[in-house]
Amino acid sequence: MKKEKVQERIIRVAADLFYRQGFNSTGINQIIAEADIAIGSLYNHFSSKNDLLQAYLIKEETEWFQGFEEHSAKISDPGEKIFSLIGYRKKLQQSSKFAGCHFIKIIAEVGESNPAVSDFVQNHKEKQKDMIRTLVNEYAEGKKNINTEMITEHIFLLIEGAVVTSTINKSTDSFDQIQKMIEAQLP
């Protein structure tokens, strides 16, 4: 196993703290202590806590899409790939012990006070929707009377709602429910 670089360790520690306890509740000194680095090391890599927040969001986005690619790599059927997305989000919820979506959490915490963050999160959710649109369009090839835009929107909103509901209820039941709803929409 290769040795973790200082910058990677800083981002990993900050990501864990931002996700578990929130951005505003995480101090630079705590990040420095838990990453076991000197204060200068942090500022050699990041000019501010907001720069570190941007690196965290980029890391989470990259891992989110790579994780889905790995999760669905062996699936070629477009309909099954749509259902694998539901399974992927369910798995993320379970592995985080129902802590919720990184992006929803950060936007809820910093909101409009940080336009760079709100723009990043909006763009991330649009990328997710674009990915769903691609899957739905692949599914719809050769089929008639499929409103791909409406189905894309439904799947996106159902999955987002299932994530929030499972965070509140600490259960994956909502994913099982939306799977049935989506199956009913796909002819």
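Which helix gives the largest share of the lining of the largest pocket? I looked, and α4 does, with 7 residues.

**Ground rules.** I am working from a predicted model, where local features need pLDDT of at least 70, side-chain atom pairs count only at pLDDT 80 or more, and totals for chains, interfaces and linings use all residues. I number residues from 1 along each chain as its sequence is written, and side-chain values use heavy atoms, with hydrogens and water left out.

**Pocket.** I noted a volume of about 480 Å³ for the largest pocket. A pocket here is an open set of points on a 1 Å grid over the protein atoms alone, where a 1.4 Å probe fits, with protein on both sides within 12 Å along at least five of seven lines; lining residues have an atom within 4 Å of a point. The volume is the space filled by probe spheres set on the points, which are joined across faces, edges and corners. Of the 25 lining residues, Tyr 19, Glu 60, Leu 92, Ser 96 and His 102 are the closest to the centre.

**Helix pair.** Next I checked α4 (residues 49-72) against α7 (residues 115-140): their axes come within 11 Å and cross at roughly 10 degrees. The axes are lines fitted to C-alpha atoms over the stretch in contact, with angles from 0 to 180 degrees between N-to-C directions. The two helices are therefore roughly parallel, a label for angles under 35 degrees.

**Ile 32.** I found Ile 32 in helix α2 (residues 28-35); helices are DSSP runs (H or I, at least four residues), numbered from the N terminus. Ile 32 is buried at 10% relative accessible area, buried meaning under 20% with a 1.4 Å probe and protein chains only.

Conventions: Buried < 20%, exposed > 50% of the residue type's maximum accessible area, 1.4 Å probe, protein only. Parallel < 35°, antiparallel > 145°, perpendicular 65-115°, else oblique.
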